[in-house]
Structure formats: structure tokens, C-alpha cells
Amino acid sequence: MSRFLNVLRSWLVMVSVIAAGNTLQSFRDHSFLSEKLYTGSPGLVNGLQARTFGIWTLLSSVIRCLCAIDIRNQTLYYLTLFTFFMALVHFLSEVFIYHTAALTIGVMAPLMVASFSILGMLIGLQYLEVEALSENKKKN
């Protein structure tokens with residue numbers, strides 16, 4: 001396996017662990033979301049919204065961790081890539097369309113993680129294709 005794919009796998013595990021921590025924080029205290037993320041409309045954040053956000057984050061965390069374990073699984077790889085696109089669209093829409101979030105460090109961090117992850121996973125696709133081609137050549 002290429003060095004890049006190993007780095008990408010490590011990145012996915014790290015992002016997954018951080019997301020699991022955010023999940024716990026969302027269940028523990030919903031003010032976390034109103035103070036760090038949805039600062040534009042903190043009154044809209046309640047316990048139900050925080051738990052829903054927590055479950056969404058946990059699901060993304062599990063998908064990303066599974067991709068890190070089985071990075072050659074094409075379906076799982078694309079699903080993981082899609083989770084980062086969803087996160088990027090979600091936070092950008094909350095900032096620029098709904099105005100429930102501001103461009104604070106609490107929002108910039110997930111935007112940067114999603115952007116870097118998308119870029120890394122798109123580059124990783126090239127490495128996976130090269131590996132698949134070399135595997136086919138070895139078999140023939």
C-alpha cells in the first residue's frame with residue numbers, strides 16, 4: 001500500500017476519533033453547539049437538535065473509521081467521501097444561507113477538515129486506481 005494511502009487512513013481514524021468526541025459532547029451538553037457552532041442563532045439549539053447532530057456525527061465517525069480499516073472497498077470509500085461533502089455543504093449553508101452560524105474557529109475547523117479530507121480522498125482515488133492496475137498486471 002502506498003505511503004499516501006497509509007497517511008489517509010491515519011487521517012480518517014483521527015477525524016473519526018475527534019467526531020466521536022464531538023458526539024459525546026453533543027449528548028452531554030447542548031450548549032456546546034450554541035457556543036461553538038451555531039452562534040448566529042444560539043436560541044435555536046436545544047437538546048433534541050444537539051442529540052440529532054450527535055447521531056449524525058457518530059454515523060459519520062463510524063463510516064470514516066470503517067473506510068480507514070478497509071480503504072480499498074470502493075463503495076465504502078465513496079460513501080466516506082460523501083460524508084465529507086455533506087459536512088461541507090451543511091456548514092457552508094448554515095453560514096451563508098441560514099445565517100445560524102458565523103465563520104468562527106468552531107465552524108472553520110470542520111470546514112477545513114471537510115475540505116482537506118475531500119482533497120485527500122480525491123487524490124487517494126488515483127493511488128487506489130494505480131494499485132488496482134498493478135494488481136491486475138501481476139495476475140496476468
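1. Among contacts (heavy atoms within 4.5 Å) in the protein chain with a separation of 6 or more, 69% are accounted for by residues 24 or more positions apart. This is a predicted model, in which local features need pLDDT of at least 70 and side-chain atom pairs count only at pLDDT 80 or more, while totals for chains, interfaces and linings use all residues. Residues are numbered from 1 along each chain as its sequence is written, and side-chain values use heavy atoms, with hydrogens and water left out.

2. The protein chain has five helices and zero strands, where helices are DSSP runs of H or I with at least four residues and strands are runs of E with at least two, numbered from the N terminus. Its C-alpha atoms fill a box of roughly 65 × 25 × 20 Å along the principal axes, and 39% of the 140 residues count as buried, that is, under 20% relative accessible area with a 1.4 Å probe, protein chains only.

3. Helix 1 (residues 3-28) packs with helix 5 (residues 105-139) at an angle of about 145°, the axes being 10 Å apart; axes are lines fitted to C-alpha atoms over the stretch in contact, and angles run from 0 to 180 degrees between N-to-C directions. The residues that meet include Trp11 and Val15 in helix 1 and Phe116 and Tyr127 in helix 5.

4. In helix 3, the buried residues, among them Phe53, Arg64 and Cys67, pack against helix 1, helix 2 (31-36), helix 4 (74-96) and helix 5.

Methods
Buried < 20%, exposed > 50% of the residue type's maximum accessible area, 1.4 Å probe, protein only.
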